[in-house]
Amino acid sequence: MSLEQDLRDRSGNVCELCSSTTDLDIYAVPDSPDNATADTHIFACGTCRTQLHDAELVEANHWRCLNDSMWSQVPAVQVVAYRMLNQLKGQGWPQDLLDMMYMEDDVKEWAKAGIADDSSKGLIHRDSNGVILEAGDSVVLIKDLKVKGSSMVAKQGTAVRRISLDHENDKYIEGKVDGQQIVLITDYVKKI
């Protein structure tokens, strides 16, 4: 049997990520073990393949389909889902899915092998103690902060969960305080 036929049979002739039935083709999972079998490939639609190849074209809402496909029993599908959720975790909802996702240790190592190290981007966000902050972390305010453009004061000791990082300035993070999304300066927060 051919690789394509194996993938068609396994997937039921639908995209293994978003369940689309159009423009289906083989997608070789990058940084896979050396064997070129159905275990290291997935059957994916044109939209998924395009966004997997070019991070600039990624539409976060398209990947809400991973809420279902991350539970696939196919390791290659789990790896692609994990990597895409990791890439999008600054959006908030992908971090929730990552927290729920279960993978065998060897599959998780394979998934992590294909994720670019964030430190290579040059921006490293650090809290007031110099601890590295990542998207999805929780922090606590270390002093009262007046929120610009509002009469609100974010009180010292307030916990801010699931922060997102500013990709242009290593001193800024975002998070919700009292239900309002605000920008925080990393000098005034401490990682929990």
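Visitor: What helices and strands does the protein chain have?
Guide: There are six helices and ten strands. Keep in mind that this is a predicted model.

Visitor: How much of the protein chain counts as buried?
Guide: Of its 192 residues, 41% do.

Visitor: Why is asparagine 86 called buried?
Guide: Its relative accessibility is 19%. Buried means under 20%. So asparagine 86 counts as buried. This residue sits in helix α4, residues 75-88. Leaving out residues up to four places away in sequence, asparagine 86 touches Leu98 and Ile115.

Visitor: What makes aspartate 105 exposed?
Guide: Exposed means over 50% relative accessible area. Aspartate 105 has 61%, so it counts as exposed. Its place is in helix α6, residues 105-113.

Visitor: Why is lysine 112 called partly exposed?
Guide: Its relative accessible area is 47%. Lysine 112 is found in helix α6.

Visitor: How do you know that glutamate 16 forms a salt bridge with arginine 10?
Guide: Check the distance. The closest N and O atoms are 2.9 Å apart. The rule asks for within 4 Å, so the pair qualifies. Glutamate 16 is buried, at 12%. Arginine 10 is partly exposed, at 28%.

Visitor: What makes arginine 49 and aspartate 23 a salt bridge?
Guide: Their closest N and O atoms are 3.6 Å apart. The limit is 4 Å, so they form a salt bridge. Arginine 49 lies in helix α2 and aspartate 23 in the loop between α1 and β1, so the pair ties together parts that are 26 residues apart in sequence.

Visitor: Are those two residues buried or exposed?
Guide: Arginine 49 has a relative accessible area of 15%, under 20%, so it is buried. Aspartate 23 has 53%, over 50%, so it is exposed.

Visitor: Why does the pair of lysine 89 and glutamate 134 count as a salt bridge?
Guide: The closest N and O atoms are 3.9 Å apart. That is within 4 Å, so the pair counts. Lysine 89 lies in the loop between α4 and α5, and glutamate 134 in the loop between α6 and β3, so the pair ties together parts that are 45 residues apart in sequence. Lysine 89 is buried at 14%. Glutamate 134 is partly exposed at 40%.

Visitor: How many salt bridges does the count come to?
Guide: By this rule, seven.

How values were computed:
Residues numbered from 1 in each chain as written. Predicted model: local features only at pLDDT ≥ 70, side-chain atom pairs only at ≥ 80, totals over all residues. Heavy atoms only, no water. Helix = DSSP H or I, 4+ residues; strand = E, 2+ residues; numbered from the N terminus. Buried < 20%, exposed > 50% of the residue type's maximum accessible area, 1.4 Å probe, protein only. Contact = heavy atoms within 4.5 Å. Salt bridge = Lys/Arg side-chain N within 4 Å of Asp/Glu carboxyl O.
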